[in-house]
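Here are some friendly notes to read beside the structure. Take the points in order and find each residue as you go.

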Amino acid sequence: MMANTSIILHNAVIVTMDPERRVFRNGGIFIRHDTIEAIGHSPDILRDFSALANQTIDLHDQILLPGFINTHVHSSQQLARGIADDVDLMTWLHGRIWPYESNMTEEDSYISTLLCGIELIHSGVTCFAEAGGQHVSGMARAVELLGLRACLAQSTMDSGEGLPASWATRTTDDCIQSQKELYNKHHNTADGRIRVWFGIRQIMNSTDCLLLETRDAARELKTGIHMHVAEIPYENQLMMDTRKVDHGTVTYLQKIEFLQNNLLSAHTVWVNSTEIGFLARAEVKVSHCPASAMRMLGFAPIREMLEAGICVSLGTDGAPSNNRMSIVDEMYLASLINKGREVYAKGTTDPTALPAETVLKMVTLNGAKSVLWDNEIGSLEVGKKADMVVVNPSSWCMVPVHDWYELHPRRKDMQ
Ligand SMILES: O=c1[nH]c(=O)c2nc[nH]c2[nH]1
């Protein structure tokens, strides 16, 4: 929203996701610049704030929700949709995606992030966490233009197999240095909508030095770290064979004291109960990407993680791991896949796994906490940013609405 704009939205069903989970059936909201100044019943908002508003919009019973937060995106991979279907992860990375990414220019990244951002907005996303491409400056230009909010990261690798020639010469110092430069250049730009994080691609291509220097730099700059963790059994096996731990990546990260509360751990599929305990105690955040997991990785123990108190949110991953970039599709899939997983994990059905309200929490409150922005977004409350999505309940595929939280499968109606 433009500076000095003040606006009333009224006659809406407002699903606030505030601590009391209030839903206003005939709700109104007053926004000044980009911040919510009042929220409540429409007649009260109109009475108290009309004189201050330079625009008043009747939402005609549409449903207003907090903007959705997608916590694992590869915006630079948007132009690679379809180049790596139906292959295993190592072929996907070494044979298709890294050759593509390592040839991208900053301009390619800008175009790719623009297209990606448009697709994200189409399903109600107002904020995303970038898992890491190479050209953060290109991404930042696109995010600024689109009005999105984002945590951008460069993905770094300083060792291991499969690296394209232009990446293989990078030292640990190069990786840390370039990220600090990007932080200095872009952190808190675009009216505060862009934050710069540190990115570690995956443990299979990281020295301990890269891991620990990244941990320390992110801690010092009070920013986050985005990393792919425990994606496939081969990764855990490699940890056992080469780094001599008795399980996998999470056990190793615990051993070297890498786990901390600013780590956004993507996928995190192959973890046992001890490792779930390590993640919970360190307050690590987990991004669950249902479609991508079903293609290449497997069933993550999401219910167990949530029960252990881990903050789990949802991500689409990139276009070549998903083909779609709709967070609403991921909400739908998360709910179904995690119900189906109960049969395979526990030998019995349990339709209570991941109910709709939990899934909505994952893309709002948990998403906000995962991107370390929970004091400003994730719910509609006074003092928070006016990042919102409007759902039209009156089209044919939305009728009837019995439960505000059960709206998520009907993605065509996101505006
Ligand atoms: O789904 C994924 N996408 C990626 O780009 C990637 N890099 C490492 N591991 C990955 N997994």
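**Notes on the model**

1. Let's begin with Val23, which has its place in strand 2 (residues 23–32); helices (H or I, at least four residues) and strands (E, at least two) are DSSP runs, numbered from the N terminus. Val23 is partly exposed, with a relative accessible area of 24%. Here buried means under 20% relative accessible area, exposed over 50%, and partly exposed in between (1.4 Å probe, protein chains only). Val23 and Leu65 are 42 residues apart in sequence, and their C-alpha atoms are 9.8 Å apart in space.

2. A word on what you are looking at: this is a predicted model, in which local features need pLDDT of at least 70 and side-chain atom pairs count only at pLDDT 80 or more, while totals for chains, interfaces and linings use all residues. Residues are numbered from 1 along each chain as its sequence is written, and side-chain values use heavy atoms, with hydrogens and water left out.

3. Now find the ligand. It is surrounded by 13 residues, and the closest are His74, Gln77, Arg201, Glu231 and Asp317; a residue is near a molecule if one of its heavy atoms lies within 4 Å of it. By class, this shell has three nonpolar, seven polar and three charged residues. In this scheme Ala, Val, Leu, Ile, Met, Phe, Trp, Tyr, Cys and Pro count as nonpolar, Asp, Glu, Lys and Arg as charged, and the others, Gly among them, as polar.

4. Which elements supply at least two residues each of the shell around the ligand? They are helix 2 (89–102) and strand 9 (194–202). Helix 2 gives the most, with three residues.

5. Next, look at the ligand's oxygen atoms. An N or O atom in the side chain of Gln77 is 3.0 Å from a ligand oxygen. For Arg201, a polar side-chain atom lies 2.7 Å from an oxygen atom of the ligand. The side chain of Asp317 also has an N or O atom 2.7 Å from a ligand oxygen. Taken alone the ligand exposes 270 Å², and the protein buries 100% of that; accessible areas come from the Shrake-Rupley method with a 1.4 Å probe, and for residues only the protein chains shown count as cover.

6. Stay with Asp317 for its backbone. Most residues other than glycine have a negative phi, and most peptide bonds are trans. Asp317 has a positive phi of about 65 degrees although it is not a glycine. You will find Asp317 in the loop between strand 13 (311–314) and helix 13 (319–322). Is Asp317 buried or exposed? With a relative accessible area of 4%, Asp317 is buried.

7. Asn188 is also not a glycine, yet has a positive phi of about 65 degrees. Its place is in the loop between helix 6 (172–186) and strand 9. Asn188 counts as partly exposed, at 46% relative accessibility.

8. For a peptide bond to check, go to Val399 and Pro400: the bond from Val399 to Pro400 is cis, with omega near -5 degrees. Pro400 is in the segment after strand 14 (388–391).

9. Finally, visit Asn262, in the loop between helix 9 (249–255) and strand 11 (263–267). Asn262 is buried, with a relative accessible area of 8%. Its side chain reaches the backbone oxygen of Thr223 at 2.8 Å. The side chain of Asn262 also makes a polar contact with the side chain of Gln260 (2.9 Å). A polar contact is a pair of N or O atoms within 3.5 Å; within protein, one must be able to donate a hydrogen and the other to accept it, and residues adjacent in sequence count only if both atoms are side-chain atoms.
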